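Please look at the chain as a whole before turning to single residues.

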Amino acid sequence: MSRIISIILSLIMLLPPVAFSDSEEEYEKMTSFKESLYVLFNKKDVAGEYHTGKVSEEVFDENAEFTSDMMQTIVKEKGKDFKILTLADIHYADYGYRIFTSFFNTAKIKNLVKKTNPDLIILTGDNVCGADGNSDYYSIQRITDMMESFGIPWAPVFGNHDDESNCDLNFIADVMMQSPHCLLNKGDSRMGIGNYIINVAEKDENGNLSTVECIFMMDSHHSQPNELQQKWYKWATDGIRRMTDDNVEFSLFMHIPLPEYQYFYEEAWNNETKSWNDGYEAYGRLHEPVSCEFDADEIPVQRGFFDIIKASGAKYVFCGHDHRNDFSGVYEGVRLTYLMKLGLSSGFQFFYDGGSVITLSDNGISRITHIISLLGVSIKLVDFATN
């Protein structure tokens, strides 16, 4: 372990300067290595405190009419691609050696944003982590400051590690939602924290907006969306279809994969030829077991959400959670895709560390690209057109 940490520290010392700030004052730019030492030795000990945020007062009423103000709209320029950069399982942390890996991750994220020039950044859970009484308190503020520094819209969902330390999800959400470019909305607390819709729309010559993609951001909890979330999703998609005369594409982002990721792999992967079977439009690979919800007999738990997704006409589901999987394929008409993990901490695998870019054309999602970020160089690992 000491040798690994020494290598990491050596690499960090080679990184370019990054800006550091906390809630009290701004500091001059310094190298990532010096900044890491500053945080390690100067942050206050808040491990013994527990921070809770405000519980959302929003209440989902399935008898209400869905209206456009229930979505957050981003305008896409007609005829120009709209790029979404996704960052999965960053595990940003502020304790022990993870302080250093977090600033290494910062440099990678900044490099990816510079190289891809996205219109929207989506964080797909396990954005921060803490354990054994260590703190998430500083990590949340630092990752929020970094995301806000890009000056473009960004949207998080939460994973199983985000609230494992001294901050609950409401507190984390409150910190993030103070940022002008953060699109996070808590939603009805009975559904979890962070169920909301992003509407990517184009403006015509008369100034009228037409929806290109409706992105559903969903809290997968530690398993799958619950029954009320499923009702909310069906209610919202039905309402959006009425508003748009059925001319809309839906995609879903959550942290933990649905059981259908396992079903898809069992059907689509040929163990004899070590390749994908025809008919599934599959790319990428499975490098570790699918970590969906299983019962005591190791059978995937089926809660019926995928049937609702299919019935809605949704074409895409994206997730993280499994750090070394990058496969994507079509299962019963829906493309299921793993997003690239970013960062050295928690399940890091060399040459498998970066982000994913989802490209929207005028007709919806047209391309999915997994990008490795290695010492400032970006390498396409998986890159394919979806239509």
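The model shown here is predicted. Its chain has 387 residues, and 56% of them count as buried. The secondary structure consists of 8 helices and 15 strands. Among contacts in the chain with a separation of 6 or more, 71% are between residues 24 or more positions apart. The accessible surface amounts to about 16,900 Å², and carbon and sulfur atoms account for 49% of this surface.

In soluble globular proteins, nonpolar side chains tend to be buried together. The largest nonpolar core in this chain has 56 residues, and the members that touch the most other members are L87, L120, I121, I198, I215 and M217. Helix α5, residues 169-177, gives the most to this core, with 6 residues. Apart from this core lies another one of 40 residues, which includes C214, A268, C292 and V317.

Not counting residues up to four places away in sequence, I198 touches Q72, I74, L120, A155, L183, E213, C214, I215 and M217.

Now turn to helix α8. This helix spans residues 305-312, and its buried residues are F305, F306, I309 and S312. These four cover an arc of only 120° around the axis, so they are on the same side of α8. The face turned away from that buried side carries the exposed residues D307 and A311. What do the buried residues of α8 pack against? Their partners are the helices α6 (227-244) and α7 (259-268), together with the strands β7 (249-253), β10 (316-319), β11 (328-331) and β12 (334-338). Just after α8 comes G313, which takes a positive phi of about 85°.

N325 lies between β10 and β11. Is N325 buried or exposed? Its relative accessible area is 0%, and because buried means under 20%, N325 is buried. The side chain of N325 has a polar atom 2.7 Å from the backbone nitrogen of H287. This side chain also reaches the backbone nitrogen of E288, at 3.0 Å. Leaving aside neighbours within four places in sequence, N325 is in contact with R285, L286, H287, E288, P289, Y338, L339 and Y352.

Conventions:
Residues numbered from 1 in each chain as written. Predicted model: local features only at pLDDT ≥ 70, side-chain atom pairs only at ≥ 80, totals over all residues. Heavy atoms only, no water. Buried < 20%, exposed > 50% of the residue type's maximum accessible area, 1.4 Å probe, protein only. Helix = DSSP H or I, 4+ residues; strand = E, 2+ residues; numbered from the N terminus. Arc of directions from axis to C-beta. Contact = heavy atoms within 4.5 Å. Core = buried A, V, L, I, M, F, W, Y, C linked by side-chain atoms within 4.5 Å. Polar contact = N/O pair within 3.5 Å; in protein donor to acceptor, adjacent residues only side chain to side chain. Areas by Shrake-Rupley, 256 points an atom, 1.4 Å probe, with all protein chains shown as cover.
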